Amino acid sequence: MTTRYAMLFFVTKGRLEAFTDAVIAIVMTIMVLDLRPPAGQGFADLKPVVPKLLVYALSFTFLAIYWNNHHHLMHVVERIDGRVLWANMGLLFALSLTPAATAWWGVHPGDTAPVVVYGLVLLLSAIAYFLLVRALLALHPVGSPLALAIGSDRKGRVSAIAYVAGIVVALFEPWIAAGIYVGVAIAWLVPDRRIARIIEGGEAADS
């Protein structure tokens with residue numbers, strides 16, 4: 001690979017990450033705009049806002065998780081192509097649905113349909129991220145830092161299964177499904193050292 005080609009590629013990868021950062025930031029901004037102050041001026045007037053705030057906090061957490069994972073992923077990516085660009089667009093499309101799903105669930109916290117739709121958005125986002133990772137792995141050899149960092153991606157697969165379970169459970173017990181979604185978010189808040197170990201020169205665990 002020539003120096004000139006490497007520089008052109010680096011700019012392309014940088015633009016992909018910068019564009020993704022911008023879109024996720026816009027999605028977060030749109031989502032917070034749905035939060036409205038209560039009509040009254042007493043503490044009791046805050047009660048209708050609480051469900052919306054809790055759902056917003058959960059959605060913000062999921063978006064932050066995807067931003068962090070995408071940011072760390074780009075650290076070990078060595079090349080991208082058109083398929084990666086479109087896969088990344090698929091991820092951004094899935095994430096852009098989060099504000100609408102959040103707004104609906106926030107207004108109807110205990111109802112089945114909003115919880116199911118929210119779970120479908122989570123599942124779609126997980127699938128889109130999985131496809132992005134697969135597109136990247138197709139461009140990198142088995143022993144590449146990216147392949148070592150991703151491993152079997154057991155955590156991602158288990159999360160997708162949990163979303164499916166949450167969607168099914170939501171048809172009968174929406175609050176239990178909500179607990180499943182929260183559980184997945186908490187699991188992803190635990191620091192994932194796979195990519196960090198690769199960057200620091202270690203070997204990634206197969207997790």
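Figure 1. The model is predicted, so local features need pLDDT of at least 70 and side-chain atom pairs count only at pLDDT 80 or more, whereas totals for chains, interfaces and linings use all residues. Residues are numbered from 1 along each chain as its sequence is written, and side-chain values use heavy atoms, with hydrogens and water left out. The protein contains 9 helices and 0 strands, where helices (H or I, at least four residues) and strands (E, at least two) are DSSP runs numbered from the N terminus. Along the sequence the pattern is α-α-α-α-α-α-α-α-α. The accessible surface, from the Shrake-Rupley method with a 1.4 Å probe (for residues, only the protein chains shown count as cover), comes to about 11,400 Å², and 71% of it belongs to carbon and sulfur atoms. Contact means heavy atoms within 4.5 Å; among contacts between residues at least 6 apart in sequence, 79% join residues at least 24 apart.

**Figure 2. The largest nonpolar core.** A nonpolar core is a set of buried Ala, Val, Leu, Ile, Met, Phe, Trp, Tyr and Cys residues joined through side-chain atoms within 4.5 Å. The largest such core has 55 residues, and Leu73, Tyr118, Leu136 and Tyr181 have the most contacts inside it. Two or more residues come from each of helix 1 (3-32), helix 2 (49-75), helix 3 (82-96), helix 4 (98-107), helix 5 (112-137), helix 6 (145-150), helix 7 (154-170) and helix 8 (174-189). Helix 5 gives the most to this core, with 14 residues. Leaving aside neighbours within four places in sequence, the contacts of Tyr181 include Leu58, Phe62, Trp105, Tyr118, Leu122 and Tyr163.

**Figure 3. Val169 and its surroundings.** Val169 lies in helix 7 and is partly exposed, with a relative accessible area of 25%. Not counting residues up to four places away in sequence, Val169 touches Pro174, Ile176, Ala177 and Ile180. The C-alpha atoms of Val169 and Thr112 are separated by 9.4 Å, although the two residues are 57 residues apart along the chain.

**Figure 4. Aromatic pairs.** A pair of aromatic rings is described by the distance of the centres and the angle of the planes. Rings of Phe, Tyr and Trp (its six-membered ring) pair if their centres lie within 6.5 Å; planes under 30 degrees apart count as stacked, over 60 as edge-to-face and the rest as tilted. By this rule the count comes to 6 aromatic pairs. The rings of Phe62 and Tyr163 have their centres 6.2 Å apart and their planes at 65 degrees, so this pair is edge-to-face. The pair links distant parts of the chain, with Phe62 in helix 2 and Tyr163 in helix 7, 101 residues apart. Both Phe62 and Tyr163 are buried. Trp105 and Tyr118 form a tilted pair, at 4.6 Å centre to centre and 55 degrees between the planes. Trp105 lies in helix 4 and Tyr118 in helix 5, so the pair ties together parts that are 13 residues apart in sequence. Trp105 counts as buried at 4% relative accessibility, as does Tyr118 at 2%. Ring pairs link Trp105, Tyr118 and Tyr181 into a cluster.

Figure 5. The buried residues of helix 4 are Thr98, Pro99, Ala101, Thr102, Trp105 and Gly106. They cover an arc of only 165 degrees around the axis, which puts them on the same side of helix 4. Pro109 lies in the loop between helix 4 and helix 5 and is partly exposed, with a relative accessible area of 23%. Not counting residues up to four places away in sequence, Pro109 touches Pro51, Val115 and Trp175. The C-alpha atoms of Pro109 and Ala178, 69 residues apart along the chain, are separated by 9.1 Å.

Technical notes. Buried means under 20% relative accessible area, exposed over 50%, partly exposed in between (1.4 Å probe, protein chains only). The arc is that of the directions from the helix axis to the C-beta atoms.
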